[in-house]
Protein chains: 2
Amino acid sequence: MAVYTEVSFEELEGFLADYDIGVPRTFKGIAEGVENSNYYLQTSAGSFILTLYEKRVRADDLPFFLGLLEHLAARGIACPLPVRSRSGAQSTILGGRPAALLTFLDGLSLRRPEATHCAAAGAALAEMHAAGKDFALKRPNALGHNGWRELAQACIPRAEEVEKGLAELIASSLGQLASNWPDGLPEGVIHADLFPDNVLFIDGGVSGLIDFYFACNDALAYDLAVMLNAWCFESDAAFNVTKSKNLIAAYARKRPLSAAEREALPVLAAGAALRFLLTRLYDRLNHDPQALVRPKDPREYSKRLRFHRKVRSPAEYGL
Amino acid sequence: MAVYTEVSFEELEGFLADYDIGVPRTFKGIAEGVENSNYYLQTSAGSFILTLYEKRVRADDLPFFLGLLEHLAARGIACPLPVRSRSGAQSTILGGRPAALLTFLDGLSLRRPEATHCAAAGAALAEMHAAGKDFALKRPNALGHNGWRELAQACIPRAEEVEKGLAELIASSLGQLASNWPDGLPEGVIHADLFPDNVLFIDGGVSGLIDFYFACNDALAYDLAVMLNAWCFESDAAFNVTKSKNLIAAYARKRPLSAAEREALPVLAAGAALRFLLTRLYDRLNHDPQALVRPKDPREYSKRLRFHRKVRSPAEYGL
């Protein structure tokens, strides 16, 4: 959690000259997100987030990300709305980086969501999927199942440094998932990273979804599988079936799951666990000690992956 | 700039139960200060900063720092005001650290203050000195001239790694300052770190002074000497006499400087430059590459120190 690119007041003033949002009152770098530099900006007109996109977010992808937020916000989804400049631009350049100004959402993310929060977040995901249905732009899932083999090859030679048996777990999971990955499930725009960090709550209800910088086109049920991993395990690694039951049921009330989607859940959940295991492992093995971010523990996800590989039926998720 | 200790929403809720400041709406770690973890908190009752004191701030010193802020705020100084808990406590423990809740001040700090800003900041310093006059608690200046020799001894053996000639510069400056350090100047509570980062502006006027965690008792004119270093050099290291003239004149209009204080300015300014040179050098030589903060460049202050050592008369500061 850090700010990578510093923006001075003087640079901010130059930037704001292109926007019709009043005069600045407060401007603070905030420790949020591992990919970008974010500033909280309060002006006479309201509260905003100024984001400078660091290297992991490609400028080419910004029309997709920012366009998606405009599209979703116009359909009633509580997500940050890009503020366009006077000339109509969605993004600009600041401190040598692509930058965008977004509306600020009130609310707090939970570290230990309860089952009722899982239900509220599941319903919010289904609403986002419905609202994203007719979004015109497309973005493939670079971290989808076709991308895992390459990441795995980069990690396997040193995987044992992190956990005994990890190289074998990754190799065998890759093979199993390649044979069993479902085809033909309903697709659409997915968030792809809807962890508790990225869902804001006020008074127990969802007040906003944030951080859409992994959003892409993929199987909608895969998004639910990401949430099964991120929301339904306790800190001692135990799976909480009440939470998953709540999550899935609330989602399905808004967008019913097909029989094929239900059957596919164990494979999708194992795939999602492998995806986060691989990226965390890669970041751990290639961690720059000078970096301002501490890498997350990949072993949380090797445990989840082992759990999902033992699941024999979607009933084990409370379906 | 980083957050060292993470506070979850659940921990925040437990903490806020002891305070009468409404329900939380927004809670964000902010990238501010190199010593502490700071969170921006907005509740139904207003905006606050929650500070967790990391190792460099001693819990024993909190009554001085927090008591000083209460004292100054009661006398009209725009500084953060500690919010007392329902039971009247000024500080508490959160995440295993001493923690305090302070009012949030609007305003922005400037990276490149102009001469008019120097004048406004100088006047604000004099007002702070006047308001601090009758503050009952005392705290010696651990980084005052009596503390430099020890720091220097820790740094000199490796000083040449950072800059050629630095060991000699430090050793000879120490000797010269020890012989010439002024006695008997007016003393009081000083901020001791009033860099542009720590002065907030709105519409060109000072809206607040922040970060009092080096505050202590010392010669008042030494505080002005710190500001001469921090506000009056350009990014190319050139001294800007218009800025120093503005700074000193605005200060002296609020608190006239005695002849002894004027005469002492070159020595005090050299001392202040040595103080920041030594702490930056120490931090650079002892930098933990895992740390979340990048050490500042000590060479900015070796240049300032060389400048002040050549000053023959306070007239060179525009007096």
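## Where the two chains meet

In this predicted model, 26 residues of chain B are in contact with 26 residues of chain A. On the side of chain B that touches chain A, at least two residues come from each of α1 (9-16) and β1 (24-30) of chain B, and β1(B) gives the most, with seven residues. Sorted by class, the residues on this side of chain B are 14 nonpolar, five polar and seven charged.

For the complex it gives an ipTM of 0.74 and a pTM of 0.83, while for chain A the mean pLDDT is 94, with 97% of the residues of that chain reaching 70 or more.

## The two domains of chain A

Chain A is divided into domain 1, which covers residues 9-103, and domain 2, which covers residues 115-317. The centres of these two domains of chain A, taken over C-alpha atoms, are separated by 27 Å.

## Helix α6 against helix α8

Which helix of chain A has an axis that comes within 8 Å of the axis of α6(A), crossing at roughly 60°? That partner is helix α8 (residues 259-285) of chain A, whereas α6 itself spans residues 220-231. Because of this angle, α6(A) counts as oblique to α8(A), and the crossing in which α6(A) passes α8(A) is right-handed.

From α6(A), the residues that meet α8(A) include A:Ala221, A:Tyr222, A:Ala225 and A:Val226, and among those they meet in α8(A) are A:Leu265, A:Leu268, A:Ala272 and A:Phe276. The residues of this contact between α6(A) and α8(A) divide into 12 nonpolar, two polar and one charged.

## Helix α6 against helix α7

Helix α7 (residues 241-254) of chain A packs with α6(A) at an angle of about 150°, and the axes of the two helices are 10 Å apart. An angle over 145 degrees counts as roughly antiparallel, and α6(A) and α7(A) are therefore roughly antiparallel to each other. The crossing of α6(A) and α7(A) is right-handed.

On the α6(A) side, the contact is made by A:Leu224, A:Met227, A:Leu228 and A:Trp231, and on the α7(A) side by A:Lys243, A:Ser244, A:Leu247, A:Ile248 and A:Tyr251. When the residues of the contact of α6(A) with α7(A) are sorted by class, seven are nonpolar, one is polar and one is charged.

## Helix α3 against helix α6

How far apart are the axes of helix α3 (residues 115-131) of chain A and α6(A), and at what angle do the two helices pack? Their axes are 11 Å apart, and the packing angle is about 160°, which means that α3(A) is roughly antiparallel to α6(A). The crossing in which α3(A) passes α6(A) is right-handed.

The residues A:Cys118, A:Ala121, A:Gly122, A:Leu125 and A:His129 in α3(A) meet a group in α6(A) that consists of A:Leu220, A:Asp223, A:Leu224, A:Met227 and A:Trp231. Within this contact of α3(A) with α6(A), the residues divide into seven nonpolar, two polar and one charged.

Definitions and conventions
Residues numbered from 1 in each chain as written. Chains lettered and ligands numbered in written order. Predicted model: local features only at pLDDT ≥ 70, side-chain atom pairs only at ≥ 80, totals over all residues. Contact = placed C-beta atoms within 7 Å. Helix = DSSP H or I, 4+ residues; strand = E, 2+ residues; numbered from the N terminus. Nonpolar A, V, L, I, M, F, W, Y, C, P; charged D, E, K, R; others polar. Domains from an automatic or database assignment. Axes fitted to C-alpha atoms, helices over the stretch in contact; angles between N-to-C directions. Parallel < 35°, antiparallel > 145°, perpendicular 65-115°, else oblique. Left-handed = near helix turned anticlockwise from the far one by under 90°. pLDDT = per-residue confidence, 0-100.
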